[in-house]
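Please have your viewer ready before reading on.

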Amino acid sequence: MAIATRSAFGALVNEDAVHRRLYTDSNIFAEEMRRIFGRTWVFIGHESEVPNPGDFKTGDLAGQPTIMVRHANGEIHVLFNRCRHRGAMVCAHATGNASYFQCPYHAWVYKTNGDLALVPNVELFGSDFQLADWGLVHVPRVDSYGGFVFASLSPEGISLDEHLGRAKHYIDVMVGRAPFGAIQATQALRYEYPGNWKFQIENMSDNYHATYVHASAFGVRADMGQNGAAHVFGNAPNNQEQARIERSFGHGHGVLDYQGTRLLVTEPDRYPAYFAALRERRGEARARELARTDLHVMIYPNLILHTNYNHYRVIRPLAVDHTEINTYPCRLVGAPDEVNEALVAASALHVSPAGRVQVDDLEAFSRVQRGLAVEAAEWVLFKMRGVDEHVNEYGELECRFLSEMIPRGYYREWLRLMSQE
Amino acid sequence: MSRESLQHDVEQFLFHEAELIDHRRLDEWADLFTDDALYSAPNAGEEGDPLHEGFIIYEDRRGITERVRRLQHPAALTQVPPPRTRHMIANVVARDGDNGDRVVTSNQVVYFARQGREVQYPGSWEHVLTRVEDQWRIKRKKIVLLTNDRAMSQVPVL
């Protein structure tokens, strides 16, 4: 079935509900790859994943294999992982260090900036064959902010700066929580689920589910008290939830701001050495604010920042009903080892496939995917209204917990992107 | 204790531990660990340096207790119904550790079955066993899954 008109997609997205086919129709998934992941700014990786010249990470953009690599001069390139000769992927490793990429098939050799350096039997390719014409193809647009590298398959469009908008402020906060103003990614935790990619970004802006889906993680935490491994979940009393704020802004982005109502790994009193290092650079007031920041930042469509456990999650859609998530716990550069160890442990408990929290979300996602096979009930609801919804001084739509305001923003952006040819 | 009987002894311990997990006698399983235990599984590579690598499991004795209580909690979505597991244990090699401890390496495969779905988790297990009141207890347990370079969804007790 072809879907090509604005009205066709418009019929699937209401202000506060979307049609089940957004999660079940493989034709719509193919269109999402073309019109969303094939067009807008998509997160590729953080610069700290490739700290040294020659460091690379492979991945994909809208299903097309890519390499993010740091060239000898320090510049980061995002290249298509496809030999210009017959098309083989020139790099098969997930991560590593290379001084060049050599195609395994006929041994064409490319530099880490993509330039073609060597072709065996080049004299047989004719006198008009120029190496300079056959370098690895660069992804049309690449830009970064705070070390977060994004790429766009569209040669034209708004700048990354404009796309991120207010999200830059939240990236600044995440990076600024490190005493030296930098984060260092560690190896990714990887998990998958038999469900649509949009469940993950919906879930991260949803504090409605947490009490129920995570009743076991919360409940055990409450039973055991808040000492010891307190780096898992806070047990802020429910009466503090009204202090929590949601924001929706820009191109589908959103923020849950817990306003210090959950237990924090970086609580100023827990790790005095960390706080002292932060205070030295930032001053008492700002350091306290940064240390106590607890945000989920959803940067549409595929990046989520979690400032408490200090990781970022990347959504990798594989099929309409199959999604992979890569979560990168990050060290706060300049923080004591014990803080960084606690952050890694917190992510292991929270988002690992052997952890306590995300596994229950995955179970919920798989049940949603199966439930949405029911044709008699067509709509998925986002009707929950936040308290005191208003536009704040930064132009963000803001309200108090709980609400489904942020996903309504996702679907406005979804429809905008899907409606462009 | 002779070399043969020591080998037999540590093998029997691993079999016993596996039986406790597979029959969901998880409180008894948690009690096998010493108070200063570390239970870990690096999510990539084998070294398991918490400052440079991630972990799918990284917890102390308290964390192990918390894991067990959560798995037994009636609201744990992934545990109702519970997965059924079987540990297969082979290539058990024991060597001397510090202060009379034994370092035991083994190859294990955990078969996981739940709601018609089956997954295998093969890998290398390393136990550091110590004698407490004439019983073996686990001071360190580290698991390196062969599949730790790919995405997983619901890893059982390993």
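What follows covers the ground rules, the interface, the salt bridges, one serine, the backbone and a surface patch.

## Ground rules

This is a predicted model, in which local features need pLDDT of at least 70 and side-chain atom pairs count only at pLDDT 80 or more, while totals for chains, interfaces and linings use all residues. Residues are numbered from 1 along each chain as its sequence is written, chains are lettered from A and ligands numbered from 1 in the order in which they are written, and side-chain values use heavy atoms, with hydrogens and water left out.

## Where chain A meets chain B

Let's start at the interface. In chain A, 40 residues are in contact with 34 residues of chain B (contact means heavy atoms within 4.5 Å). The two chains bury about 3300 Å² between them, and carbon and sulfur atoms give 55% of that area; buried area here is the accessible area (1.4 Å probe) that two parts lose on being put together, summed over both. A:Met224, A:Ala354 and A:Arg356 supply 20% of the area that chain A buries against chain B, more than any other three residues.

On the polar side, there are 18 residue pairs in polar contact between chain A and chain B, both residues being at pLDDT 80 or more. A polar contact is a pair of N or O atoms within 3.5 Å; within protein, one must be able to donate a hydrogen and the other to accept it, and residues adjacent in sequence count only if both atoms are side-chain atoms. Four salt bridges also run between chain A and chain B (a side-chain nitrogen of Lys or Arg within 4 Å of a carboxyl oxygen of Asp or Glu). In one salt bridge, the side chains of A:Glu363 and B:Arg114 meet at 3.2 Å, N to O.

Several elements of chain A each supply at least two residues of the side that touches chain B, among them helix H8 (215-224) and helix H12 (358-371). Helices (H or I, at least four residues) and strands (E, at least two) are DSSP runs, numbered from the N terminus. The buried residues of H8(A) include A:Val220 and A:Met224, where buried means under 20% relative accessible area, exposed over 50%, and partly exposed in between (1.4 Å probe, protein chains only). The buried residues of H8(A) pack against H12 of chain A together with helix H3 (61-72) of chain B.

## Salt bridges and a network

Over all chains, the count comes to 39 salt bridges. A:Arg21 and A:Asp25 meet through their side chains at 3.2 Å, N to O; A:Arg21 is partly exposed because its relative accessibility is 22%, whereas A:Asp25, at 13%, is buried. A:Glu49 pairs with A:Lys57, their closest N and O atoms being 2.9 Å apart, and both A:Glu49 and A:Lys57 are buried.

A:Glu396 and A:Arg247 form a salt bridge with closest N and O atoms 3.8 Å apart. A:Glu396 sits in the loop between strand E22 (387-391) and E23 of chain A and A:Arg247 in strand E15 (residues 245-249), so the pair ties together parts that are 149 residues apart in sequence. A:Glu396 is buried, with a relative accessible area of 1%, and A:Arg247 is buried at 10%. A:Glu396 and A:Arg247 also belong to a network of salt bridges with A:Arg166, A:Asp257 and A:Glu398.

## Around A:Ser403

Is A:Ser403 buried or exposed? A:Ser403 counts as buried because its relative accessibility is 4%. A:Ser403 lies in the loop between strand E23 (397-400) and helix H13 (405-418) of chain A. The side chains of A:Ser403 and A:Glu246 make a polar contact of 2.7 Å, and a polar atom of the A:Ser403 side chain lies 3.0 Å from the backbone nitrogen of A:Met405.

## Backbone points to check

Most residues other than glycine have a negative phi, and most peptide bonds are trans. A cis peptide bond joins A:Phe401 and A:Leu402, with omega about -15°, and A:Leu402 is in the loop between E23 and H13 of chain A. The bond from B:Val80 to B:Pro81 is cis too, with omega near 0°.

A:Asn310 has a positive phi of about 60° and is buried at 0% relative accessibility. A:Asp388, in strand E22 of chain A, has a positive phi near 60° and counts as partly exposed at 46%.

## A nonpolar patch

A:Val122, A:Leu124 and A:Phe125 make a nonpolar surface patch of about 270 Å². Patches are made of residues with over 30% relative accessible area and no salt bridge, like charges being joined within 9 Å and nonpolar side chains (Val, Leu, Ile, Met, Phe, Trp, Tyr) within 5 Å. Accessible areas come from the Shrake-Rupley method with a 1.4 Å probe, and for residues only the protein chains shown count as cover.
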